[in-house]
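Morning, everyone. Please look at the screen, and we'll walk through one structure together.

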Amino acid sequence: MSQTRIAVIVGSLRKDSFNRKLALAIAHLAPSDFNFEHLRIDDLPLYNQDDDGNQAPAVKRLKSEIAASQGLLFVTPEYNRSLPGVLKNAIDNASRPYGQSAWAGKPAGVIGVSVGAIGTAAAQQHLRNVLAYLDVPTLGQPEAFLQNKEGLFDDKGHIAEGGTKKFLQTWVDKYVAWIKSHA
């Protein structure tokens, strides 16, 4: 059985990040032939166009990991009604120099969780705008704006049984089909 490699980009650096937990939980809902690999973005330099001709090793590593994947999964919190700076920095670094974007053509899903009532709706919309410009075909429906409430995750870090788990399973099934349709 051939493995489908998914590059997971979590937009939070926090050790106990809800979004990192969500990314891990999503992997448990996916078929066994999907391999979710979390990419490191905390060691990237701030994007500077002066470095386009000589990108840092961390940037080259990120671009290589993206290139080796068949799909992308962005799992992001919302900071001040937008995407986190660390995520935008990773996107900018891997999209440069102009014409050498690692993102182009890679199918993606966007999801996120926060304590706020609207989940990560604004951050996801901003991220979708950026991804559209970068030629990243992004799953449009269903959208998933999750509010982290007590009991969302079980003691093993999986999504607890109930309505949210059913909804996320539907999201994962659509995501898997989206990735396969762009293979």
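How do the residues of the lining of the largest pocket divide into nonpolar, polar and charged? Keep that in mind for a moment. First, a caution: this is a predicted model.

Now the count. The lining splits into 7 nonpolar, 4 polar and 3 charged residues. That makes 14 lining residues, and those nearest the pocket's centre are Ser 95, Arg 96, Tyr 98, Tyr 133 and Leu 134. Two elements, H3 and H4, each give two or more residues to this lining. The volume of the largest pocket is about 240 Å³.

Let's stay with H4. This helix covers residues 121-133.

Which residues of H4 are buried? They are Ala 122, Ala 123, Gln 124, Leu 127, Arg 128, Val 130 and Leu 131. What do they pack against? Their partners are strand E3 (71-75), helix H3 (85-94), strand E4 (108-114) and strand E5 (145-147). Just after H4 comes Asp 135, with a positive phi of about 65°.

Last stop: strand E1, residues 4-10. E1 is mostly covered, with 6 of its 7 residues buried. Its neighbour is strand E2, residues 34-38. The two run parallel, joined by 5 bridges. Find Arg 5 on your screen: opposite stands Asn 35 in E2.

That's my tour. Over to you.

Technical notes
Residues are numbered from 1 along each chain as its sequence is written. This is a predicted model: local features need pLDDT of at least 70, side-chain atom pairs count only at pLDDT 80 or more; totals for chains, interfaces and linings use all residues. Side-chain values use heavy atoms; hydrogens and water are left out. Helices (H or I, at least four residues) and strands (E, at least two) are DSSP runs, numbered from the N terminus. The expected span of a helix is 1.5 Å times one less than its number of residues. Buried means under 20% relative accessible area, exposed over 50%, partly exposed in between (1.4 Å probe, protein chains only). Contact means heavy atoms within 4.5 Å. On a 1 Å grid over the protein atoms alone, a cavity is a set of points where a 1.4 Å probe fits but cannot get out, and a pocket is an open set with protein on both sides within 12 Å along at least five of seven lines; lining residues have an atom within 4 Å of a point. Grid points are joined across faces, edges and corners, and a volume is the space filled by probe spheres set on the points. Ala, Val, Leu, Ile, Met, Phe, Trp, Tyr, Cys and Pro count as nonpolar, Asp, Glu, Lys and Arg as charged, and the others, Gly among them, as polar. Two strands pair if DSSP finds at least two bridges between them.
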